[in-house]
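I opened this entry to record what I looked up on the pocket and on the domains. The structure is placed first, and my notes follow.

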Amino acid sequence: MEEKVSSKQNISKKSHYFCVAPMMAKTDRHARFFHRILTKRAMLYTEMIPIYGIIKGKNDKLLEHNQEEYPLALQLGGSDPEMLAEGSIMGEEKGYTEINLNIGCPSPKASNGRIGACLMKEPKLIGKCINLMKSSTKLTISIKTRIGIDDMDIGRPLDDFIETVSDNGCKTVIIHARKALLKGLNPKENRNIPPLNYSRVYDLKNKFPNLNIVINGGIKSIDECKYHLKYTDGVMLGRYAYDQPYILSNVDNELFELDNKPISRIDAVKEYKKYCINEVKKGTSTNLVTRHIMGLYHGCKGAKTWRKKLAKIKDVKQL
Ligand SMILES: Cc1cc2nc3c(=O)[nH]c(=O)nc-3n(C[C@H](O)[C@H](O)[C@H](O)COP(=O)(O)O)c2cc1C
């Protein structure tokens with residue numbers, strides 16, 4: 001039976017059992033709407049939204065989303081405690097389920113703005129941010145981070161960092177299981193080159209049994225998810241879920257053990273088509289909605305024809 005989930009879903013056991021990662025220029029509200037057609041239970045994340053854009057740019061349009069996307073976390077980037085607290089209040093007012101702070105982005109632009117992975121070296125500041133965010137909203141405050149940056153020791157200093165965020169009220173910690181090398185690698189390389197160290201994430205779960213620990217990085221199948229779930233509270237998939245989204249159709253039955261029959265690709269497209277028609281009527285360009293379903297037939301006969309057809313579509317009614 002299909003289970004409906006509201007935005008204010010309690011953060012309970014299994015709340016983060018399966019998550020789709022925040023990905024700039026990919027997991028926009030259209031992609032998330034499509035992902036929600038495939039899975040009712042996965043936790044979805046917005047792309048990182050820099051807090052300056054919302055507060056200084058007075059642009060709360062950046063927070064727009066559809067209610068159908070819930071449960072949905074808003075990911076903020078920044079390190080100004082007051083602004084992040086204000087952003088958290090706005091996120092709650094807009095209906096988000098959770099506020100997530102990005103402490104994993106390795107881009108030089110982010111580091112220059114004191115955003116992302118560079119903040120692993122500033123645990124006191126992060127503690128202050130989380131504390132203020134936590135006291136300004138009833139929502140769960142989570143972080144998404146790495147196992148370390150540059151020459152940071154991934155032993156005790158990582159434990160201390162996690163302890164600081166936990167002491168300040170963050171009980172859900174998503175960890176990309178590789179270091180970010182801020183000096184020397186670009187963001188793409190930082191998603192591929194530093195080796196994955198899953199056992200360090202399992203070790204954090206042992207050391208902090210009361211935290212909700214979600215593992216991320218390089219996960220490519222439901223079986224791999226099941227394996228990681230023996231040692232952690234949740235898995236987060238990024239590139240694989242976006243590039244081969246049909247994996248999401250098996251999440252509710254295989255991981256959440258709901259007896260939903262996975263939706264067929266054809267039915268998923270039919271449902272998404274209705275959304276696309278509506279969006280295009282409101283002024284969204286066709287390719288902005290169709291681009292998210294390019295990978296739907298990945299691995300199937302005719303996948304190339306599907307992609308070619310999609311690339312040529314001028315009117316979403318042709319879907
Ligand atoms: C195009 C792209 C954009 C990304 N943008 C974000 C982002 O906005 N916030 C974030 O925390 N991580 C971002 N990431 C990192 C992913 O969330 C994830 O941590 C990373 O891709 C590793 O997981 P994966 O191997 O399952 O893809 C991005 C990754 C990609 C490929």
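**Largest pocket**

I looked up the largest pocket and noted about 920 Å³ of space in it. A pocket here is an open set of points on a 1 Å grid over the protein atoms alone, where a 1.4 Å probe fits, with protein on both sides within 12 Å along at least five of seven lines; the volume is the space filled by probe spheres set on the points, which are joined across faces, edges and corners.

The model is predicted: local features need pLDDT of at least 70, side-chain atom pairs count only at pLDDT 80 or more, and totals for chains, interfaces and linings use all residues. Residues are numbered from 1 along each chain as its sequence is written, and side-chain values use heavy atoms, without hydrogens and water.

I then listed the lining (residues with an atom within 4 Å of a point). It comprises 37 residues, and Pro22, Met23, Met24, Lys144 and Arg191 lie nearest the pocket centre.

**Domains**

I read the bounds from an automatic or database domain assignment: domain 1 is 18-254 and domain 2 is 265-318. Their C-alpha centres are 28 Å apart.

For contacts (heavy atoms within 4.5 Å), I found 16 residues of domain 1 against 15 of domain 2.

I checked salt bridges (a side-chain nitrogen of Lys or Arg within 4 Å of a carboxyl oxygen of Asp or Glu). The rule finds two across the interface of domain 1 and domain 2. I also noted a salt bridge between Glu279 and Arg29, with the closest N and O atoms 3.1 Å apart.
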